Amino acid sequence: MTMADASISPEPMVVPENEPSVLRRLAQRKLAILGLLIILFCVGGAVFARWLAPFDPNEQFFDGLTLEGAPLPPNENFWFGTDLLGRDLLSRILYGAQTSLVIGLVANGAALIIGTLVGVTAGYFRGIVGAVLMRFTDLMMAFPALLLAICLAAIFSPSLWIVAMVIAFVNWVQTARVIFTQTSSLAERDYIAAEKTLGAGHGRIVFKHILPHLIPTLIVWGTLGISTTVLLEATLSFLGIGVQPPIPSWGNIIFENQTYFQSAPWLVFIPGAAILLLALAFNLVGDALRDIFDPTQQGRD
Amino acid sequence: MAAYIIRRLIQSALILLGVSFITFMLLYVLPADPVRQIAGRSATAATVESIRQQLGLDQPFLIQYGNYLLNLVQGDFGRSYLQKTEVAQLIVSRLPATLLLLVAAIACELLIGLPLGIIAALNRGKVLDNGLMLTSFVTVSAPQFVVALLLLFVFAVKLGWFPIGGYGTFAHLVLPAVTLGILGSGWYSRVMRSSMVDVLRADFIRTARAKGLGRSKVILGHALPNAILPIIAMIGIDIGLFMSGIVVVESVFGWPGIGQLAWQAIQRVDIPIIMGVTLVSACGIVLGNLIADLISPLIDPRIKLR
Amino acid sequence: MKKLILSTALATLMALPALSPVQAQEPKYGGNMVVTYKDDVATLDPAIGYDWQNWSMIKSVFDGLMDYEPGTTKLRPGLAESYAISEDGLTYTFKLRPGVKFHNGRELVADDVVYSINRVIKPATQSPGQGFFSMIEGYDDAAAGKADTVSGVSAPDKNTVVFKLSRPDATFLHIMALNFSFIVPKEAVEEAGADFGKKPVGTGAFKLTEWTLGQRLVFEKNADYWISGVPYLDSFTVEVGQEPVVALLRAQKGEVDVPGDGIPPAKFVEVMKDEAQKSLVVEGGQLHTGYITMNVTQAPFDKVEVRRAVNMAINKDRIVQVINGRAVPATQPLPRSMPGYTEGYDGYKFDQEGAKKLLAEAGYADGFETELFVMNTDPNPRIAQAIQQDLKAIGINASIKSLAQANVIEAGGAGNAPMIWSGGMAWIADFPDPANFYGPILGCSGAVEGGWNWSKYCNPELDKLAAEADSIVDPNKVDERLAKWSEIYMKVMEDAPWAPVFNEQRFTMKSARMGGDDALYVDPVSIPVNYDYVYIKE
């Protein structure tokens, strides 16, 4: 059986009147609710950190360290323990959410959008446009990002937004490659040609017939990307381009303390768990949304 | 087909040129004087100037870049500023190790990630699916250093099944490859699952099932080949990523790959090494993507090489 | 006629130097020692190698006219069997030891010394140590490339080398013991060309027999070494590319004898708490000081009161606690074990209230904003954050710029950094003499664009005093010279361009089977280990 025979005939997206709204359908899915709650929890923690944090995140307490200078495990004073300078980990995690949310959502989101735009355009139009875009993508993949980061660090005063920009600048290429390959396949399907002969514009074809099939991939990249970008921010900040000490971020707390993970595991596992939960939460919501919008699911719920 | 490959190779050469230009420019603009690194902390201003002149670092940008390119086409990557060794020799001494780890790591990623993704897709919505999803997220969110050190500690130090880092035999290869395999498998399993779910719901699958084809035949024969397309692109990306070096895993396992060379060179602004490694990894990236683009039509003949 | 002043120790130096320092047990011969490092070894060319990693390896492969007693900072003759200094201190005559062979079999002659010194000074060699030889007559022309050879070095006969200096310099003998003065054979250098650093040939106790790039170096015993009975080891292997934490794990398992990068901060407390492991750790002082530099050419650090206030604001004990006690607080630029250290000087005591008063006196009662540059490898950002908190307590808001080493050095050299924490780039003495802590980092010559005097502190009076001190070459007047240096550093503290914070201690972990005096494992000159004199106990 040849592949050419296989044709997926997607149905156009129509929401029949007697179907409940998206939000209602989302609410029916327990896991999605869980995901939303976790996200709200993280965002809330970040926004209200000043009131929720028991201590100043940058204050180095004398009794936050043992006599030899080792950090304290979680105890009744410091619920998450202290870090290598005797600072309260819980407070740092709360404040750190601010940085990590910007990276995980904004930087990652931007990378996702840029990558999708490039990938879809290149995969759909092919020809010269496609070739130029994909070679540009190759170039950006080979781009010495670390060098760029070091240069920027020396020229500009480091800030969260610069590092977010560098991450978006660098991370979109992977999404673009994968989306390109998928779009190339989708765009060649028979029904697309049929639609074209019927006079359908490019925009309509892309939105109605191609994008929906890309959503699963986008969700994977968007959610896993949260983890990788948060960790990448730590590496870039290490080079001096991002947040400077003592500003906390989940990524840089892990990065600073990873060699200590045997003697002070809480310093690695707690922020790691935070990153994990955030990424998972988005995945749960994303999966639910994908199911809701899935064209092949219409009328089968 | 041949024409396509030739066209791509020419385009790749242009890309390499572009990369070399950008890298050289960034190094030129970088406010960290390589001559100061060479001359050391006790050098007088006269010594510094003399070294600068000898290395041609007082020339304007385009002349320096031109000289570099001229040497490059003759196969001369220059000599390291700090080691005085030929860059080509340094890279060649580490390339086999990097390539070996690259192949082994990708194999591990696929061996772990693909089956898990397929199982998850087939058990969609059930506990197994959610459990595997959790596992994927954990492996992707885990910091490389921690995972590498943990595996080394458990399997090499405590259990003694493998040597504690190093290079040379198959036993040395296992831990670093498996570490990278675990770290990267999450992506493959998630994409595989996602892709499979999508394909499994397609009409042609229902048609095949309706025709009475057995389950495994349907999965392996029809679903899998369709679902595997994005995986091919990801392998291409991986080749590129590994060629740029995976410093963390290399240094934990004492694996003499290109990553460590690059990282040290960047810290010390050893320009010839940085240029050499960037170009070599750019080659890897471009090649990886080219291979992925050549394989895709074999999987899905609808894709035409254009 | 110039009278010769014999050094008081000359008589005893006529004989072969004393062998190894008094060992607690009988040293055993044989075996291979394994040392690990994270970074690749750059080069073994003595004229070029200048990092703490290759420093002692070069000392094992090559020799110089002068040497140090193992484990100490005491000079003794090396390839020179004896030396004589003229009364005016301008002429040094070295008599070479007969019968010394290079690794390629050829016997050492005086011309080799002339060749080696010329090579270091020649611009084409690009030696980082070129500047150390500026006191030799003819240096200026040779260094500028105007002359092919240095006129002040000559070999009147096969066994004699004569140096003529353009000014008396008390550090000259130390320079003759410095790696940059080590003797190389011309034919081997010419044959290897630019690759001499990878194929070194010298007169040392070990020869390099294998270098697998990126993996390991193997050094084997030189059976014809001119000090009989040494070295004890048959060979030692240097493995590179090893993460310090992993190296420690391997050491704990007995696979590695000495983790060359030391005990990583993450493992320090664990190791020191375990009696069995603690007994394998040797602690020693280093000729190192960690300090904060303040740019005296930029307000507000142009006011001495502000600089003194910073000195008083730093809680050095807490910083030492943060780094698990691996250092001792410092009161002055010189480290404790350096000759010329001023005993009993308390420096600026920790007093934040007093610091605030000083700031107010200087007109900064409300404090000010500034930047603190630091190198980004652990534990330096942590130390910088501790300093940041101390400064905040007196009203100074310092934002931290944690960057790659090359960027910090650049900013410091260009004068763009108001404050720098020197950790990771801190000064370690090239040779055990107080002069070495002054010139490039506190003297006017270092205060130029690109220089390592990051505080841009230039006090011509002190420069004059320094030159005077270094012109006292009479070995009987050593104390007078050291007293002058002590005075210089006390004046530096008065001006307070720096805030000295601590002197790092060295902790070397060795495997149970390694023998030899403890001092060899924290050798102040041969860092980290003096390979020539250690041995394996079984």
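This is a predicted model: local features need pLDDT of at least 70, side-chain atom pairs count only at pLDDT 80 or more; totals for chains, interfaces and linings use all residues.
What percentage of the 538 residues in chain C is buried? The share is 57%.

Chain C contains 18 helices along with 22 strands. Its radius of gyration is 24 Å, and a compact globule of 538 residues would come out near 24 Å, so chain C agrees with that expectation. The contacts tell you how the chain folds back on itself: if you take the pairs at least 6 apart in sequence, 70% of them join residues at least 24 apart.

In chain C, 5 strands line up as E9-E10-E11-E2-E12, giving an open sheet with mixed pairing. At its edges lie strand E9 (206-212) and strand E12 (258-259), each of which pairs on one side only. Strand E2 of chain C covers residues 32-36 and runs parallel to E12(C), the two being joined by 2 bridges. To see this pairing residue by residue, look at C:Thr36, whose bridge partner in E12(C) is C:Pro259.

**Chain B: helices throughout**

Which secondary structure elements does chain B have? The count is 14 helices and 0 strands. Read in sequence order, the pattern is therefore one α after another, α-α-α-α-α-α-α-α-α-α-α-α-α-α. Of the 306 residues in chain B, 53% are buried. Among its contacts with a separation of 6 or more, those between residues 24 or more positions apart account for 71%.

Here are the two chains side by side:

| Chain | Box or span of the C-alpha atoms along the principal axes |
|---|---|
| Chain C | roughly 70 × 65 × 40 Å |

The buried residues of H1(B) are B:Arg8, B:Ser12, B:Ile15, B:Leu16, B:Val19, B:Thr23, B:Phe24 and B:Leu27. An α-helix has 3.6 residues a turn, so residues three or four places apart point the same way. The cover over the buried residues of H1(B) includes two helices of chain A, H5 (127-142) and H6 (145-155), and two of chain B, H4 (61-73) and H14.

Helix H14 of chain B is also where B:Pro272 sits. Is B:Pro272 buried or exposed? B:Pro272 is buried, because 26 other C-beta atoms lie within 10 Å, and the cut-off for a buried residue is 20 or more. Leaving aside residues up to four places away in sequence, B:Pro272 touches B:Phe77, B:Gly78, B:Arg79, B:Ser80, B:Tyr81 and B:Val87. For one of these, B:Gly78, the C-alpha to C-alpha distance to B:Pro272 is 6.1 Å, although 194 residues separate the two in sequence.

**A bent helix in chain A**

Helix H7 of chain A runs over residues 160-187, and its 28 residues reach 39 Å from first C-alpha to last, close to the expected 40 Å. At A:Asn171, H7(A) bends by about 30°. The helix is mostly covered, with 23 of its 28 residues buried.

**Where chain A meets its neighbours**

The contact between chains A and B takes 50 residues from chain A and 53 residues from chain B. Several helices of chain B each supply at least two residues to the side that touches chain A, including H1 (2-29), H8 (170-200) and H14 (271-299). H1(B) makes the largest contribution to that side, with 9 residues. By type, the residues on the chain B side divide into 32 nonpolar, 14 polar and 7 charged.

Chain A also touches chain C, with 19 residues from chain A and 25 residues from chain C. On the chain C side, helices H8 (265-273), H11 (316-322) and H13 (380-393) and strand E17 (396-403) each supply at least two residues.

How values were computed: Residues are numbered from 1 along each chain as its sequence is written. Chains are lettered from A and ligands numbered from 1 in the order in which they are written. Two residues are in contact if their C-beta atoms, placed from the backbone, lie within 7 Å. Helices (H or I, at least four residues) and strands (E, at least two) are DSSP runs, numbered from the N terminus. Ala, Val, Leu, Ile, Met, Phe, Trp, Tyr, Cys and Pro count as nonpolar, Asp, Glu, Lys and Arg as charged, and the others, Gly among them, as polar. The radius of gyration is taken over C-alpha atoms; the globule rule is 2.2 Å times the number of residues to the power 0.38. A residue is buried if 20 or more other C-beta atoms lie within 10 Å of its own, exposed if 12 or fewer, and partly exposed in between; C-beta atoms are placed from the backbone. The expected span of a helix is 1.5 Å times one less than its number of residues. The bend at a residue is the angle between axes fitted to the seven residues ending there and the seven starting there. Two strands pair if DSSP finds at least two bridges between them.
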